[in-house]
Amino acid sequence: MTAQSPMTLPDHETSTDQTDQSVATNTLAANDTSSSKEGSVSSASDADTDNGIDLAVILEPYFRPDANTIVCGALDDEKVSALAQAGVEIIINLQPDDELGFDESAAVSRAGMHYEHLPINGAAELKQLKILAFDNILRQHHSKKIAMHCGSGNRVGAAIALRAGWLRGRKMDTAMERGRSHGLTKLEQEVHNRLLVPR
């Protein structure tokens with residue numbers, strides 16, 4: 001299979017860049033200008049949205065770019081259960097199997113959620129084909145409440161930033177801010193360097 005050529009997709013076709021996810025509810029502009037801060041606690045509105053579950057206490061780290069998007073670190077049975085109780089429908093796991101301490105797929109299924117696994121094993125795998133696959137998963141589930149995770153949220157944030165820059169045609173500052181709002185930290189320079197290369 002040959003690598004797909006790079007493309008910039010119109011906004012209306014890619015409503016699942018989780019900060020843009022609420023296109024379906026016509027709040028794209030608000031989401032483009034709002035982002036959560038690292039280590040932020042959930043607000044009363046988050047608790048209402050999450051069926052009264054305070055995910056900021058349960059998940060570490062915890063990022064909340066918008067009402068339908070949760071980014072966190074590695075999960076366990078208790079965290080999977082809390083996410084299900086909070087109304088999450090999809091879990092997207094970017095950790096490779098050798099980082100998992102339990103059968104996450106089975107735990108997610110038992111909790112009644114859908115599971116997507118796209119392992120990204122460090123910076124070396126932040127390539128366009130992986131980001132295209134990540135984009136495809138988000139597009140399939142654009143209207144759902146999603147929790148995305150890796151070990152710390154860093155790879156999720158990296159994938160979001162690269163998606164924004166490579167596939168959505170966002171400017172560097174915008175793409176990087178999207179990544180930070182989704183957990184990008186230690187991979188920031190790597191992502192910045194990759195966004196400098198035309199795709």
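These notebook entries record what I looked up in a predicted model.

**Entry 1: cysteines**

I began with the cysteines and asked how many disulfides there are. The count comes to 0 disulfides. For Cys 72, the nearest cysteine sulfur is that of Cys 150, and it is 8.6 Å away. Cys 72 is buried, with a relative accessible area of 1%, and Cys 150 is buried at 0%.

**Entry 2: Tyr 62**

Next I turned to Tyr 62, which I found in strand β1, a strand that covers residues 62-66. Is Tyr 62 buried or exposed? Its relative accessible area is 3%, so Tyr 62 counts as buried. The side chain of Tyr 62 makes a polar contact of 2.7 Å with the side chain of Arg 64. I also noted a pair separated in sequence: Tyr 62 and Ser 152 are 90 residues apart along the chain, while their C-alpha atoms are 8.9 Å apart in space.

**Entry 3: Asn 93**

I located Asn 93 in strand β3, which spans residues 90-93. Its relative accessibility is 0%, and Asn 93 is therefore buried. I asked which side chain makes a polar contact with that of Asn 93. The partner is His 149, at 3.4 Å. Beyond its neighbours within four places in sequence, Asn 93 is in contact with several residues, including Leu 100, Glu 104, Tyr 115, His 117 and Pro 119.

**Entry 4: helix α4**

My last entry concerns helix α4, residues 77-85. I asked which residues of α4 are buried, and found Lys 79, Val 80, Ala 82 and Leu 83. These residues lie on the same side of α4, because they cover an arc of only 160° around the axis. An α-helix has 3.6 residues a turn, so residues three or four places apart point the same way. I then looked up what covers the buried residues of α4: among the covering elements are α3, β2, β3, α5 and β5.

I also examined the surroundings of the two ends. At the N-terminal end, Asp 76 caps α4, with a side-chain oxygen 3.1 Å from the backbone nitrogen of Glu 78. After α4 comes Gly 87, and its phi is positive, near 95°.

Notes:
Residues are numbered from 1 along each chain as its sequence is written. This is a predicted model: local features need pLDDT of at least 70, side-chain atom pairs count only at pLDDT 80 or more; totals for chains, interfaces and linings use all residues. Side-chain values use heavy atoms; hydrogens and water are left out. A disulfide is a pair of cysteine sulfur atoms within 2.5 Å. Buried means under 20% relative accessible area, exposed over 50%, partly exposed in between (1.4 Å probe, protein chains only). Helices (H or I, at least four residues) and strands (E, at least two) are DSSP runs, numbered from the N terminus. A polar contact is a pair of N or O atoms within 3.5 Å; within protein, one must be able to donate a hydrogen and the other to accept it, and residues adjacent in sequence count only if both atoms are side-chain atoms. Contact means heavy atoms within 4.5 Å. The arc is that of the directions from the helix axis to the C-beta atoms.
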